[in-house]
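Colleague: Please take a close look at one part of this model for me. I would like the aromatic contacts in particular, with their surroundings.

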Amino acid sequence: MKLEVRPELASVVRLPASALADALGGPTLFDLRKDGEPPLFVSVLVHGNEVSGWDAVRALHRELAAVSALVFVGNVAAAKAGVRALPGRVDFNRVWEGGDCPEAALAAEVVEIAATAKPRLAIDIHNNTGRNPPYAVVARADRSTLTLARAFSNLTLFATQPGGFQTRRFAEFCPAVTVEVGTPQDPASTARATAFLARLLAEGVQRADLTTLALFETTARVTVSADTELVPETQGYNFRTAPAGTVLAHAGTLSAWSADGREIGAEYFRRRNGATVLNDAAAIAMYTPDLDAARLDCLCYLLEPRSVHV
Ligand SMILES: [Zn+2]
């Protein structure tokens, strides 16, 4: 796996995400930097079936070419197959802090170029599989990062896990956020991604009133067994407090993992007639009704509100 670097974007903007693998040959960094100007770093398709970011880049390719920018187009092979990651291959959003696989080597190459370029900010555009309000994900809670997050949404997740996600690595050298713009099927998701990127391109990040930011921290990541029966209605609690007794699964075995890798399910839920229910009221996010997505990544996160001190 080799990183392709291209000096222009215009020749491929006609193509949908599924056609990029054949046109580009692999993950590609479009180097649209202008001398002496710190670039905007935009990454899309880190998950192959999350196409809103690429569609936003297509819509704004002229504006991107007019500023100093680096645009990373990630897992184009997965995009061709219409999946998050190719079966048996690593998740492209878990490789940014090191690893032995070819994807990690490629990510390290992108980081090297980006860190040297000193971006003014970095955004990584994703879609969700479940219904969530639009929200940002940060790995640092300093003023410039939260101001960037607030420019996208009043809901922000301070993610302590999983390791290796791109924003966590980029947070070491610039304000960095992941934006979760909605499901890939919803046309509003692309409109949202496009509007946010257009605003960053036109005016950068304006001052924001951070007292209006609802910041949550992930306290546990919930994983499932293969025989789990999910509860689609539970996704209605995403970014809200689900009451005690809320059913997380009708059947199967759930586990909850702390950031340091301990199984802490008993603190949050118990079995009741084969189902798994919350012990106490708890805020949840990213609950997905899609069992394949839950098995590949996770079912949901459990959250705690975190105060904003900047
Ligand atoms: Zn994603």
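Modeller: What follows covers the aromatic contacts, then the strands and the metal site.

The model is predicted. The count comes to eight aromatic pairs. One of them joins Phe41 and Phe170.

Is Phe41 buried or exposed? Phe41 is buried, because its relative accessibility is 0%. Phe170 also has a relative accessible area of 0%, so it counts as buried.

Phe170 has a further ring partner, Trp96. This pair is edge-to-face: 6.1 Å between centres, 70 degrees between planes. Trp96 sits in the loop between helix H4 (76-81) and helix H5 (102-117), whereas Phe170 is in helix H7, so the pair ties together parts 74 residues apart in sequence. Trp96 counts as buried because its relative accessibility is 3%, and the cut-off for buried is under 20%.

Now the wider group. Ring pairs connect Phe41, Phe72, Phe92, Trp96, Phe170 and Phe173 into a cluster. Another ring, that of Phe158, has a charge over it. The charged end of Arg306 sits there, 4.1 Å from the ring centre.

Next, the strands. S2 (residues 28-32) is mostly covered, with four of its five residues buried. Strand S1 (residues 4-6) runs parallel to S2, joined by three bridges. Within that pairing, Arg6 has Phe30 as its bridge partner. Strand S4 (residues 69-73) pairs with S2 in the antiparallel sense, over five bridges. There, Leu32 is partnered by Ala69. In a regular strand, side chains alternate between the two faces of the sheet.

Last, the metal site. Which residues coordinate the zinc ion? His47 and His126 each give ND1, and Glu50 supplies two OE donors, at 2.0 to 2.6 Å. Along the chain, the donors follow the spacing H-x2-E-x75-H. Both His47 and Glu50 are buried.

Why is the arrangement irregular? The angles subtended by the four donor atoms run from 53 to 140 degrees, which makes it so. A tetrahedral call needs all angles between 85 and 135 degrees. For four tetrahedral donors, the ideal angle is 109.5 degrees.

Terms used: Residues numbered from 1 in each chain as written. Predicted model: local features only at pLDDT ≥ 70, side-chain atom pairs only at ≥ 80, totals over all residues. Heavy atoms only, no water. Donors = N, O, S within 2.8 Å, 3.2 Å for Na, K, Ca; no water. Tetrahedral: all angles 85-135°; square planar, octahedral: opposite > 155°, others 65-115°. Buried < 20%, exposed > 50% of the residue type's maximum accessible area, 1.4 Å probe, protein only. Helix = DSSP H or I, 4+ residues; strand = E, 2+ residues; numbered from the N terminus. Pairing = 2+ DSSP bridges. Phe/Tyr/Trp six-rings, centres within 6.5 Å; stacked < 30°, edge-to-face > 60°. Lys NZ or Arg CZ within 6 Å of the ring centre and 35° of its normal.
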